[in-house]
Amino acid sequence: MVIVGLLIIAVVVFVVLAFVFRSHDRDSAATLVQGIGAIVVPAASAALFLTNRRPRTELTEPALRSFADDLAERVKAQWSAAASERRLIHPSPVPVRWRWSSLPVSGPAADALGIGTGSSRFGPLLGLDPITMADLESGGVRDLFRLYGALDSGRMVIVGAGGAGKSGAVIRLLLDALAHREALEPGARARVPVPVLLTLSGWDPLKLRLHDWLAIRLATDYMFRKSEEHAGGVVSRLIGAGRVAVFLDGLDEIPEAVRPVALRALDEQANFRLVLLSRVGELLTAVAAAGPLSGSAGLELLPVSAEDAAEYLTRCQVQPPPDAWRGLVQHIRMNPSGAVAQALDTPLMLTLMRDTYRADQRFDPERFRPTGNRQSLSHSEAGRMQYGHGST
């Protein structure tokens with residue numbers, strides 16, 4: 001239609017010019033030119049505007065589904081690679097366990113389950129059954145998906161000390177959620193949100209609302225190019241419609257003064273399933289100032305037991321393990337409360353040990369000595385360890 005309009009305008013201009021050059025009545029010709037110009041110029045401007053605008057087709061339901069599936073593929077590619085690099089899948093990862101936190105980081109468990117609320121906020125994801133109080137008491141990383149997918153509040157807070165395995169746990173949860181969604185037939189898949197994992201670093205809730213910040217981050221982090229039709233608008237639509245579930249790491253990494261504001265903004269503005277990760281102390285301070293994330297299930301990651309540590313260190317070595325490695329494992333099993341077992345009670349320290357302890361060196365328990373009220377590796381050994389291979 002735009003092209004046809006431009007052709008008509010061109011013909012009219014040609015006829016007018018021909019009339020002017022052949023006319024003997026210059027005044028009448030000038031009047032005619034002015035009259036036609038008053039019509040042609042605006043019409044030409046409108047035509048050029050429509051041409052440059054490139055009108056987009058409506059964001060249909062199939063288009064939204066296609067974008068959601070595309071986003072899921074990009075998220076899966078990114079975090080599958082991260083899980084492989086961190087060795088969160090093979091060899092079998094460090095067993096990370098959790099319990100309902102006794103610390104004041106969330107509200108009552110009944111709120112998370114929707115008991116007494118009178119209405120359901122988020123029904124269980126397709127294929128999942130509702131959960132009970134008993135399900136919230138304790139469990140392992142593989143149990144987190146069922147909680148995430150069936151909590152009536154749709155909100156989960158995971159806390160732990162540095163190196164306790166928060167990032168590793170949430171990556172595995174993310175991949176479980178993606179696998180569940182991918183296994184559904186297309187019609188059912190469209191009703192299951194795409195989980196995305198972002199860090200809170202860089203968000204200033206005083207300047208940018210949560211929805212807008214998420215739209216910018218998703219378009220940037222998952223490479224939705226500006227040239228892609230609907231890219232900006234569709235990400236915003238997916239968020240607003242609850243077709244995206246958001247996993248946010250690093251509340252403890254934003255400025256202390258901003259944490260309570262961010263927590264309050266999350267509570268008031270998040271209309272989607274939400275998983276929030278933080279170190280214990282930082283979250284306690286933010287909750288004391290702003291109140292808890294309402295309806296959230298507060299889960300606390302536990303230290304790795306001596307037996308779990310010994311089993312992991314056995315699995316991650318060549319079989320049969322070298323003598324020095326067998327000596328290390330045996331020492332942990334025989335001294336579950338000793339300095340070595342306490343030094344290796346987090347996924348971070350276990351993976352660092354896995355990557356730095358040489359098979360040909362002699363095992364010496366004295367290398368594990370107390371620092372403050374905990375046991376740790378000696379400074380010389382810790383200095384050789386490279387962060388990035390393990391869980392945080």
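In which sense do strands β5 and β6 pair, and over how many bridges? Here are some notes to read beside the structure.

1. Before we start: this is a predicted model, in which local features need pLDDT of at least 70, side-chain atom pairs count only at pLDDT 80 or more, and totals for chains, interfaces and linings use all residues. Residues are numbered from 1 along each chain as its sequence is written, and side-chain values use heavy atoms, with hydrogens and water left out.

2. Now to that pair of strands. β5 (residues 244-249) and β6 (residues 274-279) pair in the parallel sense over 3 bridges. Two strands count as paired if DSSP finds at least two bridges between them, and helices (H or I, at least four residues) and strands (E, at least two) are DSSP runs, numbered from the N terminus. Leu248 stands opposite Leu276 in β6, and Phe247 stands opposite Val275 in β6.

3. β6 also pairs with β3, again in the parallel sense, over 6 bridges. There, Leu277 of β6 is the bridge partner of Ile158. Because 5 of the 6 residues of β6 are buried, the strand is largely enclosed by the rest of the structure. Buried means under 20% relative accessible area, exposed over 50%, and partly exposed in between (1.4 Å probe, protein chains only).

4. Stepping back to the sheet: 7 strands form an open sheet with mixed pairing, in the order β2-β1-β7-β3-β6-β5-β4. β2 (138-140) and β4 (194-199) are at the edges with a single partner strand each, so one side of each has no neighbour in the sheet. On average, neighbouring strands are turned by 20° against each other, direction ignored. Helix α6 (residues 166-182) packs on this sheet, touching β3 (155-160), β4, β5, β6 and β7 (297-301), and its direction makes about 160° with that of β4. Helix α8 (residues 210-221) touches β4 and β5, with its direction at about 95° to that of β4. Contact here means heavy atoms within 4.5 Å; axes are lines fitted to C-alpha atoms, for helices over the stretch in contact, and angles run from 0 to 180 degrees between N-to-C directions.

5. Asp252 deserves a look. Asp252 sits in the loop between β5 and α10 (259-269). Asp252 is buried yet has no salt bridge, and the nearest side chain of opposite charge, Arg279, is 4.1 Å away. A salt bridge is a side-chain nitrogen of Lys or Arg within 4 Å of a carboxyl oxygen of Asp or Glu. The backbone nitrogen of Arg279, however, lies 3.0 Å from a polar atom of the Asp252 side chain.

6. On salt bridges, the whole structure has 16. Lys76 and Glu182 form one, with the closest N and O atoms 3.0 Å apart. Since Lys76 lies in helix α3 and Glu182 in helix α6, the pair ties together parts that are 106 residues apart in sequence. Glu61 and Arg65 form another (3.1 Å, N to O); these two are 4 residues apart in helix α3, so about one helical turn separates them. Arg354 forms a salt bridge with Asp355 at 2.8 Å between the closest N and O atoms. Salt bridges that share partners join Glu61, Arg65 and Arg243 into one network.

7. Two backbone details to check. The peptide bond from Gln319 to Pro320 is cis, with omega near -5°, and Pro320 is in the loop between α12 (306-315) and α13 (323-334). Arg87 has a positive phi of about 55° although it is not a glycine.

Definitions and conventions:
Lys and Arg count as positive and Asp and Glu as negative; His and the chain ends are not counted. A polar contact is a pair of N or O atoms within 3.5 Å; within protein, one must be able to donate a hydrogen and the other to accept it, and residues adjacent in sequence count only if both atoms are side-chain atoms.
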